[in-house]
Amino acid sequence: MDMTLGILGGGQLGRMSVQAAQKLGIRTVIYTPEDNSPAAQVADHTIVGAYEDQDALLRFAEIVDIISYEFENIPLKTVGFLKALKPVYPDENLLKISQDRVREKSFLNSIGIPTARWWPVDKPEDIPNILKDWNQEDAILKTTRLGYDGKGQARFNLKKDNPDSVYSLLGGSPLILEEMVDFTSEISVIAARDHEGQIEIYGPVLNEHRDGILHKSVFPAPLLPQVTKKAVEMTFTLAEQINLRGVLALELFVMQEGIILANEIAPRPHNSGHWSIEACAVSQFENHVRAVCGLPVLRPGQHRPAEMINLIGDDITRLEDYKGRENVFIHDYGKSNPRPGRKMGHVTILM
Ligand SMILES: Nc1ncnc2c1ncn2[C@@H]1O[C@H](COP(=O)(O)OP(=O)(O)O)[C@@H](O)[C@H]1O
Ligand SMILES: [Mg+2]
């Protein structure tokens, strides 16, 4: 296929998207502010530039046919500039929604997808006032923008915590207060949707977090059939309502009695879907590239149950332990500095 896909962002999601594109004979160009990024190590070509550098963005747009992105905090202005030059998928509306927790939760609720109770916070006094209104003692306070891997959030207890200090700890408004969800498990569902509206689903996946960071994903998730059905239906609704072209993930909380609440949307392939590279005929990355590039999405065709374990920070040194084991597949993202909390690689184990 004579096509060049441009990807904004140079992280591991870009890297694995590039690898999927290579299988389809699609050339790739990465645009990133970072030198020697994980994606640049495998892409056909990379342009290193700031997201505000219009000359560099113009050069990027000139050499690609279609543009996508691999992380959600690409400035909307950058996407606005690029989309006048080349098509950008998924549509910037999805990006806009997933960049802002208030907008995200409003949108989910507006299409009938329930979330934990939430309210915007503009000043420290709002926090106790909202909690009293809810008749609750505990909640979770989050920055509306730029949070990831549990960063930019803090728990708040009405009796123990000081609103001013929690408020300033998070850097002030805009913030959102969310009801503490007493979940039994966390799951995610990934949807790939093409230009003709065909949808393929990965999941629900069972996710275990440590210190706010995804530690382990298991597929299939051991859930009641009606929970699986509801989670998949919600993700279908979201993909359709947003007119998705590409891949998105919906993170969900499962509570007792099978009640499900949506937590957040990722407008791109998701960490909880990495097992699909080895456990499926068509991975989330391949379906992402297919959808974005105007090819039909294909059935994932999972052939084995699987488990994925993230290698965070120094965990990467344990990669050696996994090498040479049967049915274990290692992914080293090629990052040189194993800072604590940094996603350095992952392993997938086929069961
Ligand atoms: N309202 C909530 N109730 C209980 N736990 C929560 C709530 N919101 C977030 N968490 C926990 O924190 C983790 C990270 O929060 P999330 O909103 O997904 O932000 P991030 O962008 O950092 O992934 C979740 O996976 C979950 O374990
Ligand atoms: Mg999350």
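L5 counts as buried because 25 C-beta neighbours sit inside 10 Å of it. (Buried takes 20 or more other C-beta atoms within 10 Å of the residue's own, exposed takes 12 or fewer, and partly exposed is in between; C-beta atoms are placed from the backbone.) This is a predicted model, where local features need pLDDT of at least 70 and side-chain atom pairs count only at pLDDT 80 or more, while totals for chains, interfaces and linings use all residues. Residues are numbered from 1 along each chain as its sequence is written, and chains are lettered from A and ligands numbered from 1 in the order in which they are written.

So what does L5 touch, leaving out residues up to four places away in sequence? Its contacts include A21, I26, V64, I66 and V289 (a contact means C-beta atoms, placed from the backbone, within 7 Å). L5 belongs to strand β1, residues 4-8. From L5 to E62 is 57 residues in sequence and 11 Å in space, C-alpha to C-alpha.

## The whole chain

Stepping back, the chain has 11 helices and 16 strands. These are DSSP runs numbered from the N terminus: H or I with at least four residues for helices, E with at least two for strands. Of its 351 residues, 43% count as buried. Residues 24 or more positions apart make up 62% of the contacts with a separation of 6 or more.

For 351 residues, a compact globule would have a radius of gyration near 20 Å, and the chain agrees, with 20 Å. (That radius is taken over C-alpha atoms, and the globule rule is 2.2 Å times the number of residues to the power 0.38.) The C-alpha atoms fill a box of roughly 60 × 50 × 45 Å along the principal axes.

## Three domains

The chain splits into domain 1 (4-88), domain 2 (117-179) and domain 3 (185-350), with bounds from an automatic or database domain assignment. The C-alpha centres of domain 1 and domain 3 are 22 Å apart. Their contact takes 19 residues from domain 1 and 17 residues from domain 3.

On the domain 1 side, α1 (12-23) and β4 (66-69) are the elements that give two or more residues. The largest share, 8 residues, comes from α1. By class, that side has 11 nonpolar, 4 polar and 4 charged residues. (Ala, Val, Leu, Ile, Met, Phe, Trp, Tyr, Cys and Pro count as nonpolar; Asp, Glu, Lys and Arg as charged; the others, Gly among them, as polar.)

## An open sheet

Four strands form an open sheet in the order β5-β8-β6-β7, with antiparallel pairing. Strands pair if DSSP finds at least two bridges between them. β5 (118-121) and β7 (153-157) stand at the edges with a single partner strand each, so one side of each has no neighbour in the sheet.

β5 pairs with β8 (residues 175-179) in the antiparallel sense over 4 bridges. Here W118 stands opposite E178 in β8.

Which peptide bonds are cis? One joins Y89 and P90, with omega about -10°, and P90 lies in the loop between α3 (76-83) and α4 (92-98). Another runs from F219 to P220, with omega near 0°; P220 is in the loop between β11 (213-219) and α8 (225-241).

N135 isn't a glycine, yet it has a positive phi of about 60°. N135 is in the loop between α6 (126-134) and β6 (138-143), and counts as exposed because it has 6 C-beta neighbours inside 10 Å. N327, also not a glycine, has a positive phi near 65°. N327 sits in the loop between α11 (319-322) and β15 (328-332), and its 11 C-beta neighbours inside 10 Å make it exposed.

Conventions. Two residues are in contact if their C-beta atoms, placed from the backbone, lie within 7 Å.
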